[in-house]
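This briefing is meant for a reader who is meeting the structure for the first time. Please keep the sequence and the 3D view open while reading, and look up each residue as it is named.

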Amino acid sequence: MLCPELQVWIKEHGPKSAAEAANLAEVFVAARKRNQPWSNIAWKTSKDTRRPISTYQPPRPMSGAGKTPVKENQQANAPAKLSGKAPICYLCGQEGHIKPLCPKNPTKLTQMCFVPRQNQNVACKSNQFMKMITVKINGEKLRALIDTGSTQTLVHRQYVPSNVVCTLETIPICCVHGDEKPYPTADLYVEVQGQTYLLNVGVADNLPFPVVLGHDLPVLVDLLGTEHHCNVAVTRAQAKHVQEHSPTLSALPFYAAELEMQPGKSRKSRSQRRTEKLKRTAVDSSVATAPDMPLGFPLPTNIIEMQQNDPTLSTCLLTAGETGLGTEPDNKEEYFLQNGILYHQQGQTKQLVVPQEARDIILNLGHSIPWAGHLGKHKTTARIRRHFYWPGLHRDVAQFCKSCPQCQKTFARVPSRAPLHPLPIIGTPFERLGMDIVGPVEKSKAGNRYMLVITDYATKCPEVFPLKSVKAKAVAFSLVQFFSRVGFPREILTDQGTNFMSTLLKQVYKLLGIVSVRTTPYHPQTDGLTERFNQTLKQMLRKFVNETGSDWDQWLPYVLFAYRE
């Protein structure tokens, strides 16, 4: 019997005789490797050993006793099977290694990292596209490369003093090929565009530039210019820049004429927007416009004459005494003259006494201008009293703020609250009832989740009905049961819940002649008797119910008996 691979190959060629089939088998075996078993029995025996092995590792002896490791289902005295054959290299045909580890395999250049050496002359063809800048290190000017792909600033060893180089602390530098190499560090003061920075730089022996600036420099992005060169295609921005300086345009008429154009929104490229975002573009203060409000107040120049002619300040001028320049009055609050001008002293604050003609200007400056903000009378008075004073200041400020047109138009008018009416005292039992809903609470075994609480304002006698729902039909049915025992009340006080304001209850009240009294919104104190009993009821039930709270409706008769007693 032949192996399945040889059988399939012979069947595909379709031999007509046994001799032709034998010739085909000889051709198949001659085209394959030597010493390869092609019989069916030998193929089954060696099919597991023909699988290629990635690496060949000789068996390691176990620590301890030098015995061959035994499988779990294999007996200890059974002879160990030999492992497969050694791998064969497909490049040289020798055993013991594979093609990637073959010594005859030429090393690819992409697996090596070439670093500039001292004896090599580094010539950069793309030097015109590199961004260079002059920096100062220890007072020496050096040319530095702005490398946006570097995360660490590097300095050549010959420009770093030997006493500041720290070999104990190194930083790993990884190149684009993946090779990582540690470099010593040094703390240096690097001056960039007049600003000094303390950086922990890496010290390298072989650098194509004296200094390579990385992203550890805070202003690295700001050092980059807005010009971007492209050696593949000319962008529209570059073409526009070239056309502006083209000498052929100067021959056209009106070349240097300035045309009036309407201001429009300028379109910026994506690189310009990205650069402005990184630079945190400051807002141009010249663009901001001032508020369109005239502030031309006529400031008085003859303040002494205006004070002398003002009849409202006559009493103040009589009580004021002449005080020299630079001296303070004796009292903490009084009027005094200084260089003929009347002042008012209040503590350590010296205030100018404003005559009648200039008070409107001071009131506008303290209340109406944008820097004053149209604040209230207290804030306006405090602002004016810092520097000015006159008799009746508080009255004038209050009247001015009250009559301000802008304040009257924009004032948030709060609707006045209606006065609360006290409820009359009831002496007849069950003449006025208070009613409220408690819940939802834990669902009981009977399916109840709510409690209808009814209290009498005369006797303070409560009644509680367990309910499965708070609909008006269930509430009306409970009221009928309660009325059958105590009679019809004159008033029922409830909140403004939808179940109490329903049409069904209104019809019941109308048929029975009951007046429905509603509480004030957000004022539960109106029905305070019922609200307080709700808290007491819940506290009493909490002490008797089981762990799940599903038997609260069974404890209602006992709790009500204890409370009524």
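Buried here means under 20% relative accessible area, exposed means over 50%, and partly exposed lies in between, with a 1.4 Å probe and protein chains only. The model is predicted, so local features need pLDDT of at least 70 and side-chain atom pairs count only at pLDDT 80 or more, while totals for chains, interfaces and linings use all residues. Residues are numbered from 1 along each chain as its sequence is written, and side-chain values use heavy atoms, with hydrogens and water left out. Helices (H or I, at least four residues) and strands (E, at least two) are DSSP runs that are numbered from the N terminus.

**Helix α2**

- Helix α2, residues 18-31, has 14 residues and reaches 20 Å from its first C-alpha to its last, close to the 20 Å expected at 1.5 Å a residue, where the expected span is 1.5 Å times one less than the number of residues.
- Leu-24, Ala-25 and Phe-28 are buried in α2, and they lie on the same side of the helix because they cover an arc of only 100 degrees around the axis, the arc being that of the directions from the helix axis to the C-beta atoms.
- An α-helix has 3.6 residues a turn, so residues three or four places apart point the same way.
- The face of α2 turned away from its buried side carries the exposed residues Glu-26 and Ala-30, whereas the cover over the buried residues includes α1 (4-13), with contact meaning heavy atoms within 4.5 Å.

**Strand pairing**

- Strands β1 (residues 132-137) and β2 (residues 140-146) pair in the antiparallel sense over six bridges, where two strands pair if DSSP finds at least two bridges between them.
- These two strands, β1 and β2, form a hairpin with two residues between them, and Asn-138 in the turn has a positive phi of about 60 degrees.
- Strand β2 also pairs in the parallel sense with strand β7 (residues 211-213), over three bridges.
- Leu-145 of β2 is the bridge partner of Met-132, and Leu-145 has Val-212 as its bridge partner in β7.

**Aromatic rings and charges**

- There are eight aromatic pairs, counted where rings of Phe, Tyr and Trp (its six-membered ring) have centres within 6.5 Å, with planes under 30 degrees apart called stacked, over 60 edge-to-face and the rest tilted.
- Phe-533 and Tyr-563 form an edge-to-face pair, at 4.8 Å centre to centre and with 65 degrees between the planes.
- That pair links distant parts of the chain, 30 residues apart, with Phe-533 in helix α15 (residues 528-542) and Tyr-563 in helix α16 (residues 556-564).
- Phe-533 is buried at 4% relative accessibility, whereas Tyr-563 is partly exposed at 35%.
- Lys-350 lies over the face of Tyr-343, at 4.9 Å from the ring centre, and Arg-432 lies over the face of Tyr-457, at 5.8 Å, a charge being over a ring if NZ of Lys or CZ of Arg is within 6 Å of the ring centre and within 35 degrees of the ring normal.

**Backbone details in loops**

- Phe-430, which ring pairs link with Phe-482, Phe-483 and Phe-488 into a cluster, has a positive phi of about 55 degrees although it is not a glycine.
- Phe-430 sits in the loop between α12 (405-410) and β13, and is partly exposed, with a relative accessible area of 22%.
- The peptide bond from Gly-439 to Pro-440 is cis, with omega near 5 degrees, and Pro-440 lies in the loop between β13 (432-438) and β14 (450-456).
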